[in-house]
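This briefing covers one protein model, with attention to its aromatic ring pairs. Please look at the structure first.

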Amino acid sequence: QVQLQESGPGLVNPSQTLSLTCTVTGESITTNYYWWSWIRQSPEKGLEWIGYIAYNGNAYYTPSLKSRASISRDTSKNQFTLHLNSLDPEDAAVYYCAASGEVPHVNADFGSWGRGTQVTVSS
């Protein structure tokens, strides 16, 4: 059973960088074929997929955030990390990490989700 858990700061100042780490148990993040995604949810925008890092280390980001987002991984710790730069209050959301057995796309089946972590951006 794949389990994911987000960790990181719950409060970030505007213009600063958000760093969130997802710790995965039950499956190696290098196992064929898994894609490891970051997704966020806010009342204003609903669910928004941010990006993924694949089992082979390749990363991809939604065009609207690609200039500010990066995803890296630490295979020795079975973790992957989101860095989102230049935060503003519109970035406040619940952030989730999730796993899929297919390349993420609209209506993709993310079989495993973390519980989510609330991120607020101070003003």
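Tyr60 is partly exposed, with a relative accessible area of 45% (buried means under 20%, exposed over 50%, partly exposed in between; 1.4 Å probe, protein chains only). This is a predicted model, in which local features need pLDDT of at least 70, side-chain atom pairs count only at pLDDT 80 or more, and totals for chains, interfaces and linings use all residues. Residues are numbered from 1 along each chain as its sequence is written, and side-chain values use heavy atoms, leaving out hydrogens and water.

**Aromatic pairs**
- Rings of Phe, Tyr and Trp (its six-membered ring) pair if their centres lie within 6.5 Å; planes under 30 degrees apart count as stacked, over 60 as edge-to-face and the rest as tilted.
- The count by this rule is 10 aromatic pairs.
- Trp35 and Tyr55 have ring centres 5.4 Å apart and planes at 90°, so they form an edge-to-face pair.
- Trp35 is buried at 11% relative accessible area, and Tyr55 is buried at 18%.
- The rings of Tyr52 and Tyr60 are tilted, with centres 6.1 Å apart and planes at 35°.
- Tyr52 is buried, at 13% relative accessibility.
- Tyr34, Trp36, Trp38 and Phe80 are linked into a cluster by ring pairs.

**Fold**
- The protein has 0 helices and 11 strands (DSSP runs numbered from the N terminus: helices are H or I, at least four residues; strands are E, at least two).
- Of its 123 residues, 44% count as buried.
- The C-alpha atoms fill a box of roughly 40 × 30 × 25 Å along the principal axes.
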